[in-house]
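Good morning, and thank you for coming.

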Amino acid sequence: AGAAMAARALWALLAALRAGWCLLPQSGYLHPDEFFQAPEVMAGDILNLQVYYPWEFLSSSPCRTVVFPLMTSGVTYWLIKSLQQLDICSSCINSYTLLVSPRLLFTIFSFILDYSVYRLAPFWDADPWKALVLLAGSYVTLVFYTRTFTNTLEGLLFALLMVLVSSRKSSGSSAEPTSSSLIGVITTAGFFNRPTFLAFALMPLLYWAGLIVDSQKSIKTLINHFLKFILCTCFTAFVFITADTFYFTSVSLDNLYSTNKSSLIDVIIQLHDKMVVTPFNFLSYNLNPHNLALHGSHPRVTHFTVNGVMLFGILHILAIGAGFKMLKNYVCQLMQVRWYYRGPPGLLVHSDGSPTLLLFYFVPLAFLSLFSHQEPRFLIPLILPLVLFSASSNTAVKWKLLIALFNLLGALLFGCLHQGGLIPCLFHLEQLIHSPASSSHPRHYSLLFAHTYMPPRSLLNIKKTDVHVEVIDMAGAGEEALCQTVEQQASNFTCGDCHIFIIIPGTVRATLTKCGVSFKNETLIFPHLSMEDPPQLPVLSSGNWRSQLGLYIIELNRDH
């Protein structure tokens, strides 16, 4: 009882940390997709801010559904816009609310994971509170599940699917599946969110189908379950396709009925001709090896050997060990059964943890490994079966200190350090651009970002009609290209109130000294760790370590 109370208190503390750290906010910048797959697009559409629209959301190449961005970032931005229009909050729209409001909604949604673990743990013979502590204490939950990734939504939908397919009666026997319709809706929604969801849904759907076949005596009832599933799948797909078609083709009913002779059939034909099915476009693009190579190619074993360890640490290694042990024991018993009894084999392996949970973990991992582009965030939905397996087998208890240290370091690295200066930098620039002095006397700002992740323009809170701010993203440009651009900007210093700022990591700060221009008003934002331009260990051990782990905002001197 004492251990259970301690686990509950620890979970509550970690849950409060998750919410509090979101509001603080987290300064780490994980990947551009956390902004450019939803918040940046919705900020442009709903708040009419200057943004950068990624190619996936252009009408010429629609590869992402707009439904989930509208339901998440869109709703939060509409809310703060309404509060400002009603004069309830005069300055609701600022860099802080633009960053935190969508994240806060995702943080609230992240507790779907906790609910799922609590519901599923008894079904898989795991201690609910041990599993909840493993989940809430993971830096994957603290950092990745509070960010606006499509992978985050994929993980939440996977969790709900596992809850729906795992049910028991109070007697302990498997219950008759009754959620065919919801399973169809979630499977289709997950597919439109990310087509890779089918890799995660495969095992739960097979498990659910097996339960239906085992529990039904009537063929009619069996067909009824699958018919409900198919009908709800088709209806959900229709909703997504319709929403995406209207968004990407700018089709309106007024335009469709503009001619007096337009009939319902004509309208349907016009919609069919302009139909947008984003998952098919996504698959068409990503199944082309050349396209994947543009985003980076990795060895097929990267998920198994690197990304799994990076995200889950010792839990991933223990799962691999348990998987090999179960497979070895199963093969041995299979051979014994055939040798001695010549009868049908069964899974006679007696081992800690559920073999089915391991399949829920490794089957999606194996499918995702078929693609050459492999990023750690693609695996974050697997945290659910992994913590359930680890809690059911009790293998994690012996490693609790190592698990705690690993997650502490992961939270600091990805939640604070990784590209950690860019978001505070945008906050600083937003205040500068909207300062009273700038408002009374309009100034022109040129913001040149070099060797940073793509800056989300929406956090600068600049209206589309405002032409006084220019953002130049140099990405990882070389020394020659960078200096050429800086010198070009310096030569364009024509107006009296022109300000040029260069944002660059401390590790490549020395490059600017070779550009033949002078600077003033240097501002150092700490901490900022660029893995693309990492600091050298000898420099870190010197007195210059703070500069190496910082991001500079440098203003170009007018009298260069």
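A crossing of two helices is called left-handed if the near helix is turned anticlockwise from the far one by less than a right angle, and right-handed if it is turned clockwise. Helices here are DSSP runs of H or I with at least four residues, numbered from the N terminus. What we are looking at is a predicted model, in which local features need pLDDT of at least 70 and side-chain atom pairs count only at pLDDT 80 or more, while totals for chains, interfaces and linings use all residues. Residues are numbered from 1 along each chain as its sequence is written, and side-chain values use heavy atoms, with hydrogens and water left out.

With that in place, H5 passes H8 in a left-handed crossing. Helix H5, residues 95-123, packs against H8 at an angle of about 30°, and their axes are 9 Å apart. Axes are lines fitted to C-alpha atoms, for helices over the stretch in contact, and angles run from 0 to 180 degrees between N-to-C directions. H5 and H8 are therefore roughly parallel to each other, a term for angles under 35 degrees.

Which residues in H5 meet H8? On the H5 side they include Phe106, Phe109 and Leu113, and among their partners in H8 are Leu153, Leu156 and Val163. Contact means heavy atoms within 4.5 Å.

Let us turn to Thr146, in the loop between helix H7 (139-143) and helix H8 (150-165). Is Thr146 buried or exposed? Thr146 is buried, because its relative accessible area is 1%; buried means under 20%, exposed over 50% and partly exposed in between, with a 1.4 Å probe and protein chains only. Leaving aside neighbours within four places in sequence, the contacts of Thr146 include Arg18, Arg103 and Phe106. The Thr146 side chain also reaches the backbone oxygen of Val143 at 2.9 Å.

Next comes Ala136, found in helix H6 (residues 128-137). Ala136 is buried, with a relative accessible area of 0%. Not counting residues up to four places away in sequence, Ala136 touches Trp11, Leu14, Arg18, Asp114 and Leu142. Ala136 and Leu113 are 23 residues apart in sequence, and their C-alpha atoms are 9.2 Å apart in space.

Finally, I come to helix H19, residues 383-393, where eleven of the eleven residues are buried. Among them are Ile383, Phe389 and Ser393. After H19 comes Asn394, whose phi is positive, near 60°.

Technical notes:
Helix = DSSP H or I, 4+ residues; strand = E, 2+ residues; numbered from the N terminus. Polar contact = N/O pair within 3.5 Å; in protein donor to acceptor, adjacent residues only side chain to side chain. Parallel < 35°, antiparallel > 145°, perpendicular 65-115°, else oblique.
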